[in-house]
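This report covers pockets, salt bridges and one surface patch. Look at the structure first.

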Amino acid sequence: MKDLAIPLATGLQKVFKTSEELKYTSIRIHWREELKTVQVRIRPLPGKKGQEALAAVFIEETVPPKESVSGGVSVYDVNLEAEQRIHDLEQELQFSRENLQATIEELETSNEELQATNEELLASNEELQSTNEELQSVNEELHTVNAEHQSKIMELTELNNDLDNLMSSTRIATLILDENLAVRRFTPEIRRIFRILDGDIGRPMNHLTHNLVDEDLLELIQDVARRGVEKEREVRTREGDWLQMRILPYHIGVAAVAGVVLTFIDIGLLKTVQNMLSDRETLISSLYRAAPVGVSRVVNRTLLDANDQLCQTLGYSREELVGQSARLLYPSTEEFEAVGKDLYQQIRQHSVGTMETRWRRKDGTVFPVLLNASSLHPGNPDDGVTFTALDLSIRRQETAQIQASEERYRRLTDALAEGVVYQNARGDITSANLAAERLLGLSSDPATGRIVADPDWEMLREDGTKWPDEQHPSLIALHTGLPVKAVVMGLLNRLGQTRWLRVSAIPLFDPGKKDPVQVQSIFHDITESVETTRQLVHTQDKLRELVVFAQPTLDALTARIVALDNSSETVDAAKAWQNQARESVELLQRLIEKIPVLPTPA
């Protein structure tokens, strides 16, 4: 609106100068072919430092007659304002003329300054010469910088050496390829897989040969370089070594790949451990199936597994037992709770526990059972328990049968006339029959319960000398593992009586054992036979003496008889010969009486 241009321009200028509110009234303007009266208020707005001044303009229509104006607010007078505006414009024009004149003078002055500048350029040329000299000094500074760069290069070299040593110290075979799949770097251990030399840096990967079995290594590398996804697998060399192979992309940015890294870790020990664990698991599984006792795993007294023997003992199928509470196996709640208290208390204290209780089969029969339990994790028994269950009803029947068999064997050995003694590997007597106790003077030590020999009895050889303890037939059989048979031994008791025995010692072995675990000794009483033999020898000696003594007499009688047959002697001579013969017979009778009479064998 053209009618408001002058009031607004004048009012804004005053408001910006004085920073006070201004109000103009009785301003006539043409609006839509009508003449209207308005008033204008201009109010300065607060602003920030450095910001252009702002003002708010309010235009309001007024109704004649003219309203009184409050004190302090200006009333707009068009003529007065027009004259004031013209006066301001004339002053600005005069100011502009003066500025223009000053500008012309400044231009003239600038022309003179340009002349001076030309002279200054000449001086600047001389300054450039001096600058050249300064560049020389800059060059020297560059040499200093170059030395610093050399120091940086040394640091980078040391860093590279550190990296090489780090890669070598890891003992991991590593091969780094660039974006063209050429060799960039490798560790010495990679020579276990590739035939590679130090001079092969930069050589393409497809020129190298490896000793991996059944592996297209180049195809795997190309796939990782193309897709940027690592691959990992277990590989085996032709020598039989197992390695963990990893093929990784060589990243130079978040999504940029510029090569491939291959690493090979020796997992031979891990494979061995895995095979051992697999064998151990197979063995445990086999034992679990073949165990002659029931085996199960329990957590919170709930059955999680059961072997065939346990199912057969109880009469349940595995499906009927797994997931059920152990209360199913007990005939009463009291027995169930007693096992839960006593057995689990042993497990918490010692990690294992043993208890005898009663179980109930599916058909309702109750039988005794021996439980042996062990926690899966000794540090936390609540993680679960493995237990074995032995049916004692069968064991008790077998025990009764064994006891009956042992009783029959004891009666049989006690009925033997020969002494039978068993000794363990240490030489201690473990059992002896009645004949052995009688022959050897054995008795039971009330303090230890062991069977011991009478310490006053002494072992003798056949010649009557003392028998060394370490050469006892039973000890020789234990040490050599060979039987010792028919050895004659004498036992001298405290009464001075000697009993002669024929001893045989037989070593006994457990199946698969090389050393004997016990020895069986059999003692025959040959005292009477030995005494008879000795008397027979004595008699034979006496007979030899008799023959030697009587032989001259017999020879004389024989000669006399021959002489009588060949002569014609008288009756008196014959009587003399008869007397001499009678004396010889009496002498022989006295010799015969001196021969001891042998005892009649029993």
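A pocket is defined on a 1 Å grid over the protein atoms alone, as an open set of points with protein on both sides within 12 Å along at least five of seven lines; its lining residues have an atom within 4 Å of a point. A volume is the space filled by probe spheres set on the points, which are joined across faces, edges and corners. This is a predicted model: local features need pLDDT of at least 70, side-chain atom pairs count only at pLDDT 80 or more, and totals for chains, interfaces and linings use all residues. Residues are numbered from 1 along each chain as its sequence is written, and side-chain values use heavy atoms, with hydrogens and water left out.

**Pockets**

The second largest pocket holds about 200 Å³ of space. Its lining is made by E406, Y409, R410, T413, D414, V420, Y422, S431, A432 and N433. Helices (H or I, at least four residues) and strands (E, at least two) are DSSP runs, numbered from the N terminus. α8 (392–415), β14 and β15 (429–432) each supply at least two lining residues here. α8 gives the most, with five. By class, this lining has four nonpolar, three polar and three charged residues. Nonpolar covers Ala, Val, Leu, Ile, Met, Phe, Trp, Tyr, Cys and Pro; charged covers Asp, Glu, Lys and Arg; the others, Gly among them, are polar.

The largest pocket has about 680 Å³ of space. It is lined by 25 residues, and I429, A453, M459, D469 and H472 are the closest to its centre. Two or more lining residues come from each of β14 (419–424), β17 (451–453), β18 (458–460), α10 (473–480) and β19 (484–492). Which element gives the most to this lining? β17 does, with three residues. The lining divides into 15 nonpolar, four polar and six charged residues.

**Salt bridges**

Side chains of opposite charge can pair when their charged atoms come close. A salt bridge here is a side-chain nitrogen of Lys or Arg within 4 Å of a carboxyl oxygen of Asp or Glu. The whole structure has 21 of them.

| Pair | Closest N to O distance |
|---|---|
| R246 and E230 | 3.2 Å |
| R426 and D428 | 3.3 Å |

R246 sits in strand β7 (residues 242–251), while E230 is in the loop between α3 (217–227) and β6 (231–236); the two are 16 residues apart. E234 lies in strand β6 and K271 in helix α4 (residues 268–290), so this pair ties together parts 37 residues apart in sequence.

Buried means under 20% relative accessible area, exposed over 50%, and partly exposed in between (1.4 Å probe, protein chains only). R246 is partly exposed at 29%, and E230 is partly exposed at 37%. E234 is partly exposed at 34%, whereas K271 is buried at 17%. R426 is exposed at 69%, whereas D428 is partly exposed at 21%.

Salt bridges also link E21, R41, R43 and E60 in a network.

**Surface patch**

A patch is made of residues with over 30% relative accessible area and no salt bridge, with like charges joined within 9 Å and nonpolar side chains (Val, Leu, Ile, Met, Phe, Trp, Tyr) within 5 Å. Accessible areas come from the Shrake-Rupley method with a 1.4 Å probe; for residues, only the protein chains shown count as cover. L135, V138 and L142 make a nonpolar patch of about 270 Å². V138 lies in helix α2 (residues 78–169). V138 is partly exposed, because its relative accessibility is 36%.

Key. On a 1 Å grid over the protein atoms alone, a cavity is a set of points where a 1.4 Å probe fits but cannot get out, and a pocket is an open set with protein on both sides within 12 Å along at least five of seven lines; lining residues have an atom within 4 Å of a point.
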